[in-house]
Amino acid sequence: MAAPPAPAAAAPPGCARFPPVHHYDASARPRRTVAADLDGTLLASSSAFPYYFLVALEAGSYARALALLLAAPLLLLLYTAVSEAAAIALLALVTFAGLRVRDVEAVARGVLPRHYAAGVRADTWAVFRGCAARRVVVTASPAVMVGEFVREFLGAEVAGTELETCAGGARFTGRIRAALVGERKREVVERLFAGGDMPDVGLGDRESDHDFMAICKEAYMVPPDRRAPRAAADSLLSRAVFHDGRLVRRPEPAQALFALAYLPLGFLLALFRVFFNLMIPVRLVRHTYRLTGIRLAVRGTPPPAPRPGAPGSLLVCNHRTALDPIIISVALGRPVTCVTYSVSRLSTAIAPIRAVALTRDRRADAARMAALLAEGDVVVCPEGTTCREPALLRFSALFAELTDRVVPVALDARQGTYYGSTARGWKWLDPYFFYMNPRPGYEVTFLPALRPEETCGGGGRSAVDVANHVQRIIAKELGFECTALTRKDKYMKLAGNDGTVRKAGGRDDDDAGPGAKKFA
């Protein structure tokens, strides 16, 4: 519904007109259509403030997000003492004024759905999903914010507050056409169901929903309960395998305040962690990590160090952050070489490990990798891009053609406040954001090297079979899901492109790549 949370005191007047949602009996008769509110109804929390905050932060700036946070007391006052519509108008003004429409749409596509999906109530979702013929969400939140989530995850149409634009529709003015509350919700439902057959079921959580609920054939109130059981992720119609944004947790006001207030201190801490550990010999960094508050857990048996006559191992790992190769080097206590795409001269000059660029020419890359293995250990991330969720993307098969000395390495990163990866943001800041977390951590598990019969050369298996086998081994160790999703799928979802960026553009061609590798 609206922005600040509704008062948790007595139930709204007139609530007795509608029974509570737990009285709904799915077996009583068939219901085919439904109209429901979003915040406080389909979502456990009645406050939309965290989602506005994410838009202000990710599509705007930290200054805009801070301004919105400082306005929170006034928003709450407007909501309780004036009207819900007045609070929504101020929320929209502070959040959207001057923002580019395409930036807000990218946030709605890549950042918000994960947070929305985590808050879906199990009871109301069961009712809503059961009306399979037509589902409609009627919400006071801007349609541009909630539309992607509602359509993809809930399988519903959305009617929300519309925002005014300027500059030929390229930017938001911050003004709303009309807040979708009270009678306006009723008008929208009547328009959407213009044939005269009103929704079989109406769901709402407060008095401003009563108008549209009253025209539904039957309607139910959703009692406030922030601790209501959440719908299982696999019960929704989609899953947020790919998502963007820097904040790990849903930014309730207290968490949002911490994330912003801690930022300057966190950045100084990250600088200290980076440059202090750069001065330490790699065999000792594992211990200095502990001294600087970085948790590193190493499991399994690392491969033996390369020696004359014995080439290095190809360390094949899943990809959690751009720091993966450096973390493996620290866990081994010796230097490694990382292969990537589009490495810059600056990155090569200041990287604590050797970063070598590949060309995407299969034959030339194979020859280069073979030469690198003759010199020592090589790290490769065959997913080609990072994935934050407990899932592995499809593994590129190129690595399997290069050597039979393949050692799978399972990685998992612990990030409590900020994500150290991004699809749309400044990638050179990714390592800093990881190290800005109060207690960042990594788990590195060295798995047994592939047996000869599991490889291309010794076992005659195809490169694709070997790649899939290594993916399954790592996924089993981590308890992750294997997928066939690719780097292109990620960037089309989050950034609207295939992930290939001009070399001169400041963003590296591959997430495994260099810009981040320069930080220890």
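1. Domain bounds here come from an automatic or database domain assignment. On that basis the protein splits into domain 1 (21-221) and domain 2 (262-495). The centres of domain 1 and domain 2, taken over C-alpha atoms, lie 41 Å apart.

2. Ground rules. This is a predicted model, where local features need pLDDT of at least 70, side-chain atom pairs count only at pLDDT 80 or more, and totals for chains, interfaces and linings use all residues. Residues are numbered from 1 along each chain as its sequence is written, and side-chain values use heavy atoms, with hydrogens and water left out.

3. Overall form. The protein has 21 helices and 15 strands; helices (H or I, at least four residues) and strands (E, at least two) are DSSP runs, numbered from the N terminus. The radius of gyration is 26 Å, close to the 24 Å that the globule rule gives for 520 residues, so the protein is as compact as a globular protein of that length. That radius is taken over C-alpha atoms, and the globule rule is 2.2 Å times the number of residues to the power 0.38. Along the principal axes, the C-alpha atoms fill a box of roughly 85 × 50 × 45 Å.

4. Domain interface, extent. In domain 1, 10 residues are in contact with 8 residues of domain 2; contact means heavy atoms within 4.5 Å. The two domains bury about 700 Å² between them, 43% of it on carbon and sulfur atoms. Buried area is the accessible area (1.4 Å probe) that two parts lose on being put together, summed over both. Of the area that domain 1 buries against domain 2, Tyr62, Arg109 and Arg114 supply 59%, more than any other three residues.

5. The rule finds 3 salt bridges across the interface of domain 1 and domain 2. A salt bridge is a side-chain nitrogen of Lys or Arg within 4 Å of a carboxyl oxygen of Asp or Glu. Glu152 and Lys493 form a salt bridge, with their closest N and O atoms 2.7 Å apart. On the side of domain 1 that touches domain 2, α5 (101-110) and α8 (143-153) are the elements that give two or more residues. The largest share, 5 residues, comes from α5. By class, this side has 3 nonpolar, 1 polar and 6 charged residues. Ala, Val, Leu, Ile, Met, Phe, Trp, Tyr, Cys and Pro count as nonpolar, Asp, Glu, Lys and Arg as charged, and the others, Gly among them, as polar.

6. Asp37 pairs with Lys185, the closest N and O atoms being 3.1 Å apart. This pair links distant parts of the chain, 148 residues apart: Asp37 is in the loop between β1 (33-36) and α1 (49-60), Lys185 in helix α9 (residues 183-192).

7. Arg175. This residue is in strand β4 (residues 171-178). Leaving aside neighbours within four places in sequence, Arg175 is in contact with Leu163 and Glu164.
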